[in-house]
Amino acid sequence: MTESGARGAGRLPLDEEAAWAAIVAGYGEEPPDPPGARPFRPVEDDERAGRGPGGAGRSAPRLGGSVSFAPGVGPAGPRDYALGEPSDDDFDEDDEGHFVPPEPPPLPEADTTAKFAWLGVVGGPVLLLLAVVLGWDMTWWLTTVCVGGFLGGIATLVARMNPGDDEDDDPGRGAVV
């Protein structure tokens with residue numbers, strides 16, 4: 001196969017040296033606009049004409065321009081919308097008004113057994129980590145307290161779980177209003 005056949009039929013041979021010379025000669029220059037494109041106006045021209053950030057007659061930003069606004073600056077977007085406070089005039093006779101949920105009941109007090117179980121579950125690994133970080137000797141009693149407290153706390157919490165929580169007696173009640 002000949003050299004011209006390897007490059008493809010109908011193509012002119014490319015002078016790579018001339019192409020690189022053209023690229024280097026045009027380095028730093030802005031390429032010409034494509035045909036039919038509107039000419040670009042620099043931001044400095046808008047500021048001098050009074051349409052930019054420093055001017056009084058501020059105009060909307062041009063799409064595709066180099067101006068980007070920081071959050072809170074420029075035209076309002078969809079996330080800049082805030083709801084007004086409802087008033088009594090906003091409701092009809094059929095409306096009941098704004099719903100305010102009732103105060104939730106207080107959490108039940110944990111019994112002593114549950115408190116010690118959680119102390120073992122959390123305190124065992126924390127004490128073990130503290131011993132490693134501070135370089136304490138890992139004696140048999142320290143290891144037993146850490147591992148035994150963790151396993152004993154887990155076993156206590158699992159044993160005290162209510163087995164009937166997963167099953168509903170009446171699953172077909174639907175929504176309760």
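Helices (H or I, at least four residues) and strands (E, at least two) are taken as DSSP runs and numbered from the N terminus. The structure is a predicted model, in which local features need pLDDT of at least 70 and side-chain atom pairs count only at pLDDT 80 or more, while totals for chains, interfaces and linings use all residues. Residues are numbered from 1 along each chain as its sequence is written, and side-chain values use heavy atoms, with hydrogens and water left out.

The chain contains five helices and zero strands, and its elements run α-α-α-α-α from the N terminus on. Of its 177 residues, 8% count as buried, where buried means under 20% relative accessible area, exposed means over 50%, and partly exposed lies in between (1.4 Å probe, protein chains only). Contacts were defined by heavy atoms within 4.5 Å. Among contacts between residues at least 6 apart in sequence, 33% join residues at least 24 apart.

Two packed helices are described by the angle between their axes and the distance between the axes. The axes of α4 (residues 112-134) and α5 (residues 140-159) come within 7 Å and cross at roughly 145°; axes are lines fitted to C-alpha atoms, for helices over the stretch in contact, and angles run from 0 to 180 degrees between N-to-C directions. On the side of α4, the residues that meet α5 include W118, V121, L127 and L128. Their counterparts in α5 include L142, V145, F150, I154 and L157. The residues of this contact divide into 13 nonpolar, six polar and no charged. In this count Ala, Val, Leu, Ile, Met, Phe, Trp, Tyr, Cys and Pro are nonpolar, Asp, Glu, Lys and Arg are charged, and the others, Gly among them, are polar.

The structure holds one salt bridge, that is, a side-chain nitrogen of Lys or Arg within 4 Å of a carboxyl oxygen of Asp or Glu. The salt bridge is formed by the side chains of D111 and R160, at 2.4 Å from N to O. This pair links distant parts of the chain, 49 residues apart: D111 lies in the loop between α3 and α4, and R160 in the segment after α5.
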